[in-house]
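This report describes the arrangement of secondary-structure elements in one protein chain. The sequence and the model are shown below.

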Amino acid sequence: MRIFLALLCCLPLGQKLSAQNHEIMKDPFAHTYSIVARDAKTGEMAVGVQSHWFAVGTSVSWGKAGVGVVATQSFVNPAYGPNGLELMAEGKSPEEALQQLLAQDEGQAYRQVAFL
């Protein structure tokens, strides 16, 4: 059985690791890990998150049956979840949906996000 996995861990899109040292980020051990996965045989998808931040799953992990999953972390833009799922439901590929949202986001350099 082949399973596709994407793991997000502390590397902002298009930026060096130093982008994580944003002014509001004082704790060097404030790490969040997210994973999106798809079972190649059944097509089932899942998204999971681990963090020391309380209730982080309410803003990081998103999914919609028959459409896909989204994980967005770091300096979260919570609109990525519902908007990304809506774009994929309309027929855009995960890559197209992600690129469209990034193009509209002034804070894109600080985002960590995966669409599947």
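Are α2 and α3 parallel, antiparallel, perpendicular or oblique to each other? The two helices are oblique to each other; angles under 35 degrees count as roughly parallel, over 145 as roughly antiparallel, 65 to 115 as roughly perpendicular and the rest as oblique.

The model is predicted, and local features need pLDDT of at least 70, side-chain atom pairs count only at pLDDT 80 or more, while totals for chains, interfaces and linings use all residues. Residues are numbered from 1 along each chain as its sequence is written, and side-chain values use heavy atoms, with hydrogens and water left out.

**Helix pair**

The axes of α2 (residues 80-89) and α3 (residues 94-103) cross at roughly 135 degrees and come within 9 Å. Axes are lines fitted to C-alpha atoms, for helices over the stretch in contact, and angles run from 0 to 180 degrees between N-to-C directions. Helices (H or I, at least four residues) and strands (E, at least two) are DSSP runs, numbered from the N terminus. Tyr-80, Asn-83, Gly-84, Leu-87 and Met-88 of α2 make the contact with Pro-94, Ala-97, Leu-98, Gln-100, Leu-101 and Leu-102 of α3, contact meaning heavy atoms within 4.5 Å.

**Sheet**

An open sheet is formed by three strands in the order β4-β5-β6, with antiparallel pairing; two strands pair if DSSP finds at least two bridges between them. β4 and β6 stand at the edges with a single partner strand each, so one side of each is left without a neighbour in the sheet. On average, neighbouring strands are turned by 10 degrees against each other, direction ignored. Helix α2 packs on this sheet, where α2 touches β4, β5 and β6, and its direction makes about 150 degrees with that of β5.

| Strand pair | Bridges | Direction |
|---|---|---|
| β4 and β5 | four bridges | antiparallel |
| β5 and β6 | five bridges | antiparallel |

Ser-61 stands opposite Ala-71 in β5, and Ser-74 has Arg-111 in β6 as its bridge partner. Three residues separate β4 and β5 in a hairpin, and Gly-66 in the turn has a positive phi of about 75 degrees.

**Confidence**

The chain averages a pLDDT of 79, and 74% of the residues score at least 70; pLDDT is the predictor's confidence in each residue, from 0 to 100. Over residues 9-21 pLDDT stays under 50, and the model has 30 contacts beyond four places in sequence for this stretch.
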